[in-house]
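I open this notebook to record what I looked up in one protein structure.

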Amino acid sequence: MQDVAVEEVQWLLHPFIPYGKITIIQGDPGEGKTTLVLQIIARLTKGEPIVNEAAKVPVNIIYQTAEDGLSDTIKPRLLSADADCSKVLVIDDRDVPLTMRDIRLEQAIIETNAKLVVLDPIQGFLGADVDMHRANEIRPVMKHIAELAEKYQCAIILIGHMNKSGIGKSAYRGLGSIDFQAAARSVLIVGRIKEEPEIRVVCQVKSSLAPEEKSIAFKLSEENGFEWIGEYDVTADDLLSGAAKGTKKQVAMDFLENTLSNGPMAQSEIMRIAAEKGISEKTLRNAKEALKVQSKRFNNQWHWSLE
């Protein structure tokens, strides 16, 4: 170890998606995994912040899907997300299906200098001779893809479905061998909030390179499409068990909207009522920021209003 040089981890999105490593994003069908990834891709193609970080230089991305049509599903979603589609590249595997051990994958990374590779879903790129439930068959495949990520310092995202079990820890609900999760440095789960189906939460269940971050949420609606909401106080196990019904922040947002619906109110009075309802000052201020509540001072007091 004395001769090993220390290297700082670089991040595509701290602490969720590291460069040079594998990230797994999994969840039940229809929960928004692919939509989330396509939104991330769209921002990367234009160098825009993904959530709240600083803007970056636009990059090339390789996106491979074994489930959705490129012309009728993927491209319309990318256009809806305002992506620069010239930077989203696809390996033509119509004649010979692409696998994780395919030499074409490495060649494409070299030729395009892609900084992100997405394979959606995992099982679509294992190859017909690989049993995803056998650790001795999965380990060499994952080792190879991890070496590609490290060699070219690109982030590799593998999208996976969850198994049908409604019990057990979240780490064991991914399809196939646990060796998938073992090889990844970050594992994220996407799911929806019970009774709030438009809200989807991203929970980190494994983080080998940084402290696990609080869950973050986004909203999918016909009216506004994709919208980031911010931090959400929900665990992966609650999310998958269906126990997640909302968050402290959401409760505080609902409280502020109801309280201020009839007009401005003194900040001190709002905080007094919130405290009686068990809403902390920090949560209340986070909700205030999320709702873009205005603060104005008159009669020597601060007042909050929705306009």
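The entries below follow the order in which I consulted the model, which is a predicted one.

**Entry 1: the sheet**

I began with the strands and their order. I found an open sheet of nine strands, ordered β5-β4-β6-β7-β3-β8-β9-β10-β11, with mixed pairing. I then looked for its edges, which are β5 (88-89) and β11 (225-231), each pairing on one side only.

**Entry 2: strand β3**

I next asked which strands pair with β3 and how they run. Strand β3 (residues 22-27) is joined by six bridges to β7 (residues 155-161), and these two strands run parallel. As one example, I noted that T23 has I157 as its bridge partner in β7. I also found four bridges between β3 and β8, again with the strands running parallel. Here the bridge partner of I25 is L188 in β8.

Helix α4 (residues 135-152) lies across β3, β6 (116-120) and β7, and it runs at about 145° to β7.

I then looked up D179, which lies in helix α5 (residues 179-183). D179 has a relative accessible area of 14%, and it is therefore buried, the limit being under 20%. Which residues does D179 contact, leaving aside its neighbours within four places in sequence? I listed A135, I138, R139 and M142. With R139 there is also a polar contact of 2.6 Å between the two side chains.

**Entry 3: helix α9**

In helix α9 (residues 281-291), I found T283, L284, A287, K288 and L291 to be buried. Seen down the axis of α9, these buried residues fall within an arc of 140°, so they line one face of the helix. I noted a general rule here: an α-helix has 3.6 residues a turn, so residues three or four places apart point the same way. On the other side of α9, K282 and E289 are exposed.

I also asked what covers the buried residues of α9. The cover includes α7 (248-259), α8 (267-276), β13 (294-298) and β14 (301-305). After α9 comes K292, whose phi is positive, near 60°.

**Entry 4: the nonpolar cores**

Lastly I looked up the largest nonpolar core, which has 34 residues. L12, I17, I41, L44, L116 and V118 touch the most other members. Among the elements that give two or more residues to this core are β1 (11-13), α2 (70-80) and β10 (216-221). The largest share, seven residues, comes from α1.

Apart from its neighbours within four places in sequence, I41 is in contact with I61, Y63, L78, V88, L116 and V118.

Note on methods
Residues numbered from 1 in each chain as written. Predicted model: local features only at pLDDT ≥ 70, side-chain atom pairs only at ≥ 80, totals over all residues. Heavy atoms only, no water. Pairing = 2+ DSSP bridges. Contact = heavy atoms within 4.5 Å. Axes fitted to C-alpha atoms, helices over the stretch in contact; angles between N-to-C directions. Buried < 20%, exposed > 50% of the residue type's maximum accessible area, 1.4 Å probe, protein only. Arc of directions from axis to C-beta. Polar contact = N/O pair within 3.5 Å; in protein donor to acceptor, adjacent residues only side chain to side chain. Core = buried A, V, L, I, M, F, W, Y, C linked by side-chain atoms within 4.5 Å.
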